[in-house]
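Q: Please take a close look at a single part of this model and describe its geometry, its surroundings and what follows it in the chain.

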Amino acid sequence: MKARLGVCALVLLFLAGLWLVASPFVVGYQPAGAPYTAATVNSLWLGGGLAGLSFITLVLYAADALRELTTRAEHPTDA
(Lines give C-alpha, C1' and ligand atoms only; values in the text may rest on other atoms or scores of the structure.)
Protein backbone atom coordinates (compact mmCIF):
# COMPACT_ATOMS: atom_id res chain seq x y z
CA MET A 1 0.00 0.00 0.00
CA LYS A 2 2.79 2.43 0.85
CA ALA A 3 4.55 1.67 -2.43
CA ARG A 4 1.41 2.38 -4.44
CA LEU A 5 0.92 5.67 -2.60
CA GLY A 6 4.53 6.65 -3.31
CA VAL A 7 4.22 5.84 -7.01
CA CYS A 8 1.00 7.85 -7.22
CA ALA A 9 2.72 10.80 -5.57
CA LEU A 10 5.63 10.58 -8.01
CA VAL A 11 3.26 10.45 -10.98
CA LEU A 12 1.42 13.51 -9.67
CA LEU A 13 4.73 15.36 -9.21
CA PHE A 14 5.73 14.43 -12.75
CA LEU A 15 2.44 15.74 -14.13
CA ALA A 16 2.77 18.92 -12.06
CA GLY A 17 6.24 19.46 -13.52
CA LEU A 18 4.91 19.02 -17.04
CA TRP A 19 2.15 21.51 -16.29
CA LEU A 20 4.67 24.06 -15.01
CA VAL A 21 6.65 23.71 -18.25
CA ALA A 22 3.54 24.09 -20.43
CA SER A 23 1.63 26.68 -18.39
CA PRO A 24 3.30 29.87 -19.69
CA PHE A 25 2.21 28.97 -23.20
CA VAL A 26 -1.17 27.42 -22.37
CA VAL A 27 -2.31 30.19 -20.04
CA GLY A 28 -0.79 32.87 -22.24
CA TYR A 29 1.42 34.92 -19.93
CA GLN A 30 4.31 34.39 -22.35
CA PRO A 31 3.63 36.52 -25.45
CA ALA A 32 4.24 34.73 -28.75
CA GLY A 33 7.53 35.71 -30.35
CA ALA A 34 8.67 37.81 -27.38
CA PRO A 35 11.77 37.09 -25.29
CA TYR A 36 11.05 34.86 -22.33
CA THR A 37 9.85 36.71 -19.25
CA ALA A 38 11.33 35.99 -15.82
CA ALA A 39 8.15 34.11 -14.86
CA THR A 40 8.45 31.89 -17.93
CA VAL A 41 12.10 31.09 -17.25
CA ASN A 42 11.29 30.31 -13.63
CA SER A 43 8.39 28.07 -14.64
CA LEU A 44 10.50 26.22 -17.22
CA TRP A 45 13.41 25.57 -14.83
CA LEU A 46 11.24 24.58 -11.88
CA GLY A 47 8.88 22.43 -13.95
CA GLY A 48 11.69 20.78 -15.87
CA GLY A 49 13.58 20.00 -12.68
CA LEU A 50 10.50 18.64 -10.95
CA ALA A 51 9.47 16.50 -13.93
CA GLY A 52 13.02 15.26 -14.49
CA LEU A 53 13.63 14.34 -10.87
CA SER A 54 10.31 12.57 -10.48
CA PHE A 55 10.82 10.69 -13.77
CA ILE A 56 14.29 9.52 -12.71
CA THR A 57 12.88 8.42 -9.35
CA LEU A 58 10.07 6.51 -11.08
CA VAL A 59 12.58 4.74 -13.34
CA LEU A 60 14.75 3.83 -10.34
CA TYR A 61 11.72 2.52 -8.46
CA ALA A 62 10.64 0.43 -11.45
CA ALA A 63 14.18 -0.98 -11.82
CA ASP A 64 14.25 -1.90 -8.13
CA ALA A 65 10.83 -3.56 -8.35
CA LEU A 66 11.92 -5.52 -11.43
CA ARG A 67 15.11 -6.62 -9.66
CA GLU A 68 13.08 -7.79 -6.69
CA LEU A 69 10.71 -9.74 -8.92
CA THR A 70 13.55 -11.49 -10.73
CA THR A 71 15.22 -12.34 -7.43
CA ARG A 72 11.98 -13.88 -6.16
CA ALA A 73 11.59 -15.86 -9.39
CA GLU A 74 15.16 -17.21 -9.17
CA HIS A 75 14.92 -18.11 -5.47
CA PRO A 76 11.33 -19.08 -4.64
CA THR A 77 10.59 -19.65 -0.97
CA ASP A 78 9.12 -22.95 0.15
CA ALA A 79 5.81 -22.06 1.69
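A: The axes of H1 and H2 come within 8 Å of each other and cross at roughly 155° (axes are lines fitted to C-alpha atoms, for helices over the stretch in contact, with angles from 0 to 180 degrees between N-to-C directions). H1 is therefore roughly antiparallel to H2, a term for angles over 145 degrees. This is a predicted model, in which local features need pLDDT of at least 70 and side-chain atom pairs count only at pLDDT 80 or more, while totals for chains, interfaces and linings use all residues. Residues are numbered from 1 along each chain as its sequence is written, and side-chain values use heavy atoms, with hydrogens and water left out.

Helices here are DSSP runs (H or I, at least four residues), numbered from the N terminus. H1 has 26 residues and reaches 35 Å from its first C-alpha to its last, close to the expected 38 Å (1.5 Å times one less than the number of residues). At Val-21, H1 bends by about 40°, the angle between axes fitted to the seven residues ending there and the seven starting there. A proline, Pro-24, follows within four residues.

The buried residues of H1 are Leu-10, Gly-17, Ser-23 and Pro-24 (buried means under 20% relative accessible area, with a 1.4 Å probe and protein chains only). H2 is included in what covers them, where contact means heavy atoms within 4.5 Å.

Just after H1, Gly-28 takes a positive phi of about 100°. The loop between H1 (2-27) and H2 (38-74) holds Ala-32, which counts as exposed because its relative accessibility is 82%, exposed being over 50%.

Note on methods: Helices (H or I, at least four residues) and strands (E, at least two) are DSSP runs, numbered from the N terminus. Angles under 35 degrees count as roughly parallel, over 145 as roughly antiparallel, 65 to 115 as roughly perpendicular and the rest as oblique.
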